[in-house]
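Reader: I am new to this structure and would like to learn how to read it. Please take the features one at a time, with the general idea before the case.

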Amino acid sequence: PLLMAVDLTDTVTGGHHAAWSAAIRSAAQAPYCLVADQRLVGLQLLLLVREELEEQVSDIRAGAVRCGTLGAGNKGVVAASFSIFATSICIVDCHLAAGQSQGCASERLASFHHILESLRLEKDRTWGIGECSELNRQLTRDRFMSDCSSWSGNAADMSCSDSRNVFEHDLVIWAGDTNARLWMDSSMRQPLDRAQLFAALDNSRLGQLLDAHDEICLQRRQGALAFFQEAPVSFWPTYKIKPRSSAKLTDGSRNRADRGECFDAKREPAYTDRILWRARTDTHVEVLSYDSVQSVEVSDHRPV
């Protein structure tokens, strides 16, 4: 890919942040520059661009919103935005509050609204240090001042003195651990029984089940979430999965006993890990793949 964005949650310490940064950059098959490495407690967002495109990247910004108890940063978002050619892109990495009891869905929706109202993306002159030399030069104070003085009104290059909100971008990608759950009905008071979920998966009725029972699908019918789109979900629930149990979700049999053993008995399975997007009318988005990665077993979630 020309661009890569990797969002992480629950990375715990600065040492974990550094290890993930090194591992992801090492795994990249082609030479990439690290455009942004934004962190907030357990959240981490990495943006990488191929070296041959580094001169086309400009207007790099960062922001964060804390949503934990008393303003703690264990829940919330980190975000980064940039312009490439004539397109401005904002990536948001979220981790919203957990819970499958009455009121939890409303709390998560309130956090989503709070983030949209509060998140501001500001210029950050510290990024790029130690990365590609040409990008470093672009990130110096002289370059920022030059950008401001030469700005001619291009929609993808706003004033350097102004912050941006989420919707002031051509494309917004919202990803991470939404902690969304499956509910018995639209009141979202009682979690859906896993037997109904497994039956829908057995009979290829997952889309119908999600429309009627998934928290994000229900909340996208009105309010701020209605501005965002999502590709059809066809994969298995990404939470809460026991370690080293992915083979039971990917083998040919997939019998009910094996499935029951894969998920934590105290938490009903759910599609907590999602990728949503919002694009301006003149910005085309084509989703080539939307799937979970069952081979990564270091967490009780599966990455998407």
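**Sheets, helices and spaces**

Author: Strand S1 and strand S3 (residues 43-50) pair in the antiparallel sense over six bridges. Strands (E, at least two residues) and helices (H or I, at least four) are DSSP runs, numbered from the N terminus. Two strands pair if DSSP finds at least two bridges between them. The model is predicted: local features need pLDDT of at least 70, side-chain atom pairs count only at pLDDT 80 or more, and totals for chains, interfaces and linings use all residues. Residues are numbered from 1 along each chain as its sequence is written, and side-chain values use heavy atoms, with hydrogens and water left out.

Reader: In what order do the three strands form the open sheet?

Author: The order is S1-S3-S2, with antiparallel pairing. Strand S1 (3-8) and strand S2 (32-40) are the edge strands, each pairing on one side only. From one strand to the next the twist averages 10 degrees. For such angles, axes are lines fitted to C-alpha atoms, for helices over the stretch in contact, and values run from 0 to 180 degrees between N-to-C directions. Helix H1 (residues 14-27) packs on this sheet and touches S1, S2 and S3, its direction making about 25 degrees with that of S3. Contact here means heavy atoms within 4.5 Å.

Reader: Which strands make up the open sheet of six?

Author: Its order is S7-S4-S5-S6-S8-S9, and the pairing is mixed. Strand S7 (122-123) and strand S9 (273-279) stand at the edges with a single partner strand each, so one side of each has no neighbour in the sheet. Within the sheet, strand S5 (residues 76-84) and strand S6 (residues 87-95) are antiparallel and share nine bridges. Serine 81 has cysteine 90 in S6 as its bridge partner. H2 lies across S4, S5 and strand S8 (171-177), at about 135 degrees to S4.

Reader: How many salt bridges does the structure hold?

Author: A salt bridge is a side-chain nitrogen of Lys or Arg within 4 Å of a carboxyl oxygen of Asp or Glu. The structure holds 11 of them. In one of these, the side chains of arginine 108 and glutamate 215 meet at 2.8 Å, N to O. Arginine 108 lies in helix H2 and glutamate 215 in helix H7, so the pair ties together parts 107 residues apart in sequence.

Reader: How many cavities of 30 Å³ or more are there?

Author: Rolling a probe the size of a water molecule over the atoms shows where empty space is left. On a 1 Å grid over the protein atoms alone, a cavity is a set of points where a 1.4 Å probe fits but cannot get out; a pocket is an open set with protein on both sides within 12 Å along at least five of seven lines; lining residues have an atom within 4 Å of a point. Grid points are joined across faces, edges and corners, and a volume is the space filled by probe spheres set on the points. The count is two cavities of 30 Å³ or more. The largest cavity holds about 100 Å³ of space. Its lining includes Arg108, Phe112, Trp174 and Glu215. H2 and H7 are the elements that give two or more residues to this lining.

Reader: What about the second largest pocket?

Author: That pocket has about 180 Å³ of space. Among its lining residues are Ser106, His113, Met188 and Arg221. The largest share of the lining, four residues, comes from H2.

Reader: Where is there a cis peptide bond?

Author: Most residues other than glycine have a negative phi, and most peptide bonds are trans. Here a cis bond joins tyrosine 239 and lysine 240, with omega about -10 degrees. Aspartate 59 has a positive phi, near 55 degrees, and is found in strand S4 (residues 57-66).
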